[in-house]
Amino acid sequence: MIPLARPELGEEEIALVAETIRSGWITQGPRVAEFEAAFAARVGAAHAVAVSNCTTGLHISLIAAGVGPGDEVIVTPHSYIASANAILYCGARPVFVDIDPLTLNMDPARVPAAVTARTKAIMAVHQVGRPADLAELARIAAERGLHLIEDAACAIGSSYRGRPIGDNTYSPLVCFSFHPRKVISTGDGGMVTTGDAGLARHLRLLRQHGMSVNDLVRHTSKTVVTESYPILGYNYRLTDVQAAIGLGQIARLDGIVARRRALAARYHAALSGIPAIELFTDPADCVWNYQSYVIRLRGSRAPARDAFMQRLLEDGIASRRGIMSIHREPCYTERMGPQSFPASEAASDQCVCLPLYTQMSDADLDTVCAAVRRHAPAS
Ligand SMILES: *Cc1c(COP(=O)(O)O)cnc(C)c1O
């Protein structure tokens, strides 16, 4: 059986976790601080704030950007449901904008028409790690006085116009995920990068109950420290055990991205020239980490796509449907009524993610390509 994905973990992570457990400090403490510093250095950010996952990172980023009840946030419906859920958590309303079918990311040309007097922010999603058009979205945000927040859940290791995603060139708040389906993993986990010391302070309060002094400072102080709770916060901490895994993962990142890109290039070479299949490659001036390898069955519908995936499964190859269309889920139709975003819906019905993980052999990849050629529906 060829699986869809598999995290790359090894003896380094095991040793770091064992060392952390032996240290006696297992929740947010020195390891989290070390992981934050390593992460910030890797993406070129001034500050990195670790959180329990990307969804909680998005939630507190929206709060830090001042998003609250009655506000609107522009986001693509072509994403994992968490992008929009974080907006609902703030009592705000997600205003969906359709994708450009060629990029699978929000079409910036459609954004201005979605802006109203209530719009507070734009959330740019780098879908499957493929950088969105940040320069254009940042230009629109600046022109309209809106905040730009990046959902970079999938995008660690990707870069846009020579700048790593997360360096805050285009937006002050960038959120990452370390779920096992992402490029590096801590089991669950997340990180928010910011170039603004005030935002970093606010995020640190929000992630730990709004507590003015964190446990590490209190523990290491030579004088008695009494904390206060100036704002309403949450428990969105990452643990030191998770951060230990993260330190091992950050050290592997360059190798992981290089291997994923090499496998993607092999897929491109083997699958190009099949009329029924559309491929997605690096956008201009970008490096894509290939968090997922997505193909599109041109002109197909969901039942034909499912039959294709079933045939792959019978050949021992796991695959998954492409990215969901959030507005079609009951949780959203019940709140917002029926809405239509044709480019997102077509991409959801036609795209398939193929296996991609660093331990995948070239021979296994060739086996997948042969099966794709055998079973691809005629366009
Ligand atoms: C995975 C994902 C999330 C959620 O990340 P978690 O760490 O699981 O909370 C949010 N947005 C996008 C685009 C994702 O792919």
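Me: Where is Met123 found?

Reply: Met123 is found in strand β4. Strands here are DSSP runs of E, at least two residues long, and helices are runs of H or I, at least four long; both are numbered from the N terminus. This is a predicted model, with residues numbered from 1 along each chain as its sequence is written. Local features need pLDDT of at least 70, side-chain atom pairs count only at pLDDT 80 or more, totals for chains, interfaces and linings use all residues, and side-chain values use heavy atoms, with hydrogens and water left out.

Me: Why is Met123 called buried?

Reply: The relative accessible area of Met123 is 0%. Buried means under 20%, exposed means over 50%, and partly exposed lies in between (1.4 Å probe, protein chains only). So Met123 counts as buried.

Me: Which residues does Met123 touch, leaving out those up to four places away in sequence?

Reply: They are Leu58, Leu62, Val73, Ile74, Val75, Ser83, Ile87, Met106, Ile149 and Asp151. Contact means heavy atoms within 4.5 Å.

Me: What makes helix α4 mostly covered?

Reply: Helix α4 spans residues 82-89, and six of its eight residues are buried. They are Ala82, Ser83, Ala84, Asn85, Ala86 and Ile87. These residues pack against α3, β2 (72-75), β3 (93-96), β4, β5 (147-151) and α10 (330-336). Just after α4, Gly91 takes a positive phi of about 75°.

Me: Why is α3 called oblique to α6?

Reply: Two packed helices are described by the angle between their axes and the distance between the axes. Axes are lines fitted to C-alpha atoms, for helices over the stretch in contact, and angles run from 0 to 180 degrees between N-to-C directions. Helix α3 (residues 54-64) and helix α6 (residues 197-207) pack at about 125°, with axes 10 Å apart. That angle makes α3 oblique to α6. Under 35 degrees would be roughly parallel, over 145 roughly antiparallel, and 65 to 115 roughly perpendicular; the rest is oblique.

Me: Which residues of α3 and α6 meet?

Reply: Ile60, Ser61, Ile63 and Ala64 in α3 meet Leu199, His202, Leu203, Leu206 and Arg207 in α6. By class, that is six nonpolar, two polar and one charged. Ala, Val, Leu, Ile, Met, Phe, Trp, Tyr, Cys and Pro count as nonpolar; Asp, Glu, Lys and Arg count as charged; the others, Gly among them, count as polar.

Me: What makes α9 oblique to α12?

Reply: The axes of helix α9 (residues 302-314) and α12 cross at roughly 135° and come within 10 Å. So α9 is oblique to α12. The crossing is right-handed. A crossing is right-handed if the near helix is turned clockwise from the far one by less than a right angle, and left-handed if anticlockwise.

Me: Which residues meet where α9 packs on α12?

Reply: Phe308, Arg311 and Leu312 in α9 meet Ala371, Val372 and His375 in α12. The contact of α9 with α12 has four nonpolar, one polar and one charged residues.

Me: How do you know that Ile295 is buried?

Reply: Ile295 has a relative accessible area of 0%, so it is buried. Its place is in strand β12 (residues 293-297). Among the residues Ile295 touches are Phe308 and Val372. Ile295 and Ile277 are 18 residues apart along the chain, with C-alpha atoms separated by 6.6 Å.

Me: Which residues touch the most other members of the largest nonpolar core?

Reply: Phe35, Phe39 and Ile122 do, in a core of 48 residues. Helix α8 (240-271) is among the elements that each supply at least two residues. α8 gives the most, with eight residues. A nonpolar core is a set of buried Ala, Val, Leu, Ile, Met, Phe, Trp, Tyr and Cys residues joined through side-chain atoms within 4.5 Å.

Me: Why is Arg161 called partly exposed?

Reply: Its relative accessible area is 47%, so Arg161 is partly exposed. Arg161 is found in the loop between β6 (159-160) and β7 (163-164). Phi of Arg161 is near 50°, a positive value in a residue other than glycine.

Me: Is Val128 buried or exposed?

Reply: Val128 is buried, because its relative accessible area is 5%. Its place is in the loop between β4 and α5. Val128 has a positive phi of about 45° although it is not a glycine.
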